[in-house]
Amino acid sequence: MEKEKHHIVPYKVYIYILVALIALTFGSIGIVHLNLGGYSVLGALVFSTVKSIIVLAIFMHLKFDQPFLRIMVGFVALVFSAVIFITFLDYYFR
Amino acid sequence: MEHVTQHSDPHYDQEASKLGMWLFIFTELLLFGGLFIVYSIYRFLNPEAFQLAGNELNPVIGTINTIILLVSSMTIAMATSSLQKKNKGLTILLLEITIMLALVFLINKYFEWGVKFDHGIWPGSQHLINDMSKGEILFFGLYFVMTGLHALHIIIGMIIIIVALKRVQKGTVHADRPSLLENAGLYWHLVDLIWIFLFPLFYLIH
């Protein structure tokens, strides 16, 4: 494998990302206070999912790493969501 | 190779090291993912009890701890950048800040749990068993196990970061050999990721 020059993320990018993550945190608090009933959990989890994708891509460097790591993480996430989905199918239709 | 001689440049594979860390992170997903599924099912089966019990938690402390972890994730990410830029002093400073933030998180957790204990709420407490419904007992059981397991990860993360910090100071972790710091960072971000989901599920029940 050839030695690639490592991608160095500028400090500024990390600060922008932090601001975005804190904004999304308050977004999730806001959406819960809108009293959307059963949808407020869903709304908060959508915010969490967006936050975790940002953390994975930038903080955990997946965006700059080799594609096979992205594929692996994506596949694992997919399998995990499938397990949750199937578990709920089971409980919902009991 | 039959004849192994002392090598001045031992085998070092940054990509493999990172891959190994990711595989470990997947096993952590099995641990916490299982607990998240247990939580979801019990919440689905006991929605009112979870709401009632969730009101006992303090969303302000939850929010403060969320922000503390997000900032600490940023500082350790910046530390990897500054290591690559060969700025040793800044790397050490950023790692020290990360460790301090982790400590503040744990102190908040200590007071948060302390308030629960003062209210007579801990796994197996008389108040919990005598006065609360099955759903509330489940909620607090999951709350203590999941935030406790997460706090344990914070403590382990701190130890790993302290080791990385010592190695940076000694000069054995540097721009050409950053794996220990990078993997410490990956572990720390994982701790952050778990909290990103714990926060809305426990503190934002409205």
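Which helix of chain B is Glu28(B) found in? Glu28(B) sits in helix H1 (residues 14-45) of chain B, where helices are DSSP runs of H or I with at least four residues, strands are runs of E with at least two, and both are numbered from the N terminus. The model you have here is predicted, so local features need pLDDT of at least 70 and side-chain atom pairs count only at pLDDT 80 or more, while totals for chains, interfaces and linings use all residues. Residues are numbered from 1 along each chain as its sequence is written, and chains are lettered from A and ligands numbered from 1 in the order in which they are written.

**Chain B overall**

- Chain B has 7 helices and 0 strands.
- Its C-alpha atoms fill a box of roughly 70 × 40 × 25 Å along the principal axes.
- Of the 206 residues of chain B, 35% count as buried (20 or more other C-beta atoms within 10 Å of the residue's own; 12 or fewer is exposed, in between is partly exposed, with C-beta atoms placed from the backbone).
- Taking contacts in chain B between residues at least 6 apart in sequence, 76% join residues at least 24 apart; a contact means C-beta atoms, placed from the backbone, within 7 Å.

- Glu28(B) counts as partly exposed because it has 15 C-beta neighbours inside 10 Å.
- Glu28(B) and Val191(B) are 163 residues apart in sequence, with 9.8 Å between their C-alpha atoms.
- The axes of H1(B) and H7(B) come within 10 Å and cross at roughly 15°; axes are lines fitted to C-alpha atoms, for helices over the stretch in contact, and angles run from 0 to 180 degrees between N-to-C directions.
- The two helices H1(B) and H7(B) are therefore roughly parallel (angles under 35 degrees; over 145 is roughly antiparallel, 65 to 115 roughly perpendicular, the rest oblique).
- Residues making this contact include Glu28(B), Phe32(B) and Phe36(B) of H1(B), and Leu190(B), Ile194(B) and Phe197(B) of H7(B).
- By class, the H1(B)–H7(B) contact has 10 nonpolar, 4 polar and 3 charged residues; Ala, Val, Leu, Ile, Met, Phe, Trp, Tyr, Cys and Pro count as nonpolar, Asp, Glu, Lys and Arg as charged, and the others, Gly among them, as polar.

**The H4(B)–H6(B) pair**

- Helix H4 (residues 88-118) and helix H6 (residues 134-170) of chain B have axes that come within 10 Å and cross at roughly 160°.
- That angle makes H4(B) roughly antiparallel to H6(B).
- The contact of H4(B) with H6(B) has 14 nonpolar, 4 polar and 3 charged residues.

**Where chains A and B meet**

- 32 residues of chain A are in contact with 30 residues of chain B.
- Helices H1 (11-33), H2 (39-59) and H3 of chain A each supply at least two residues of the side touching chain B, and the largest share, 10 residues, comes from H1(A).
- That side of chain A divides into 21 nonpolar, 10 polar and 1 charged residues.
- Among the residues making the contact are Val55(A) and Phe59(A) of H2(A) and Ile196(B) and Phe197(B) of H7(B).

**Helix H3 of chain A**

- Of the 26 residues of H3(A), the number buried is 0, so H3(A) lies largely in the open.

Methods: Contact = placed C-beta atoms within 7 Å.
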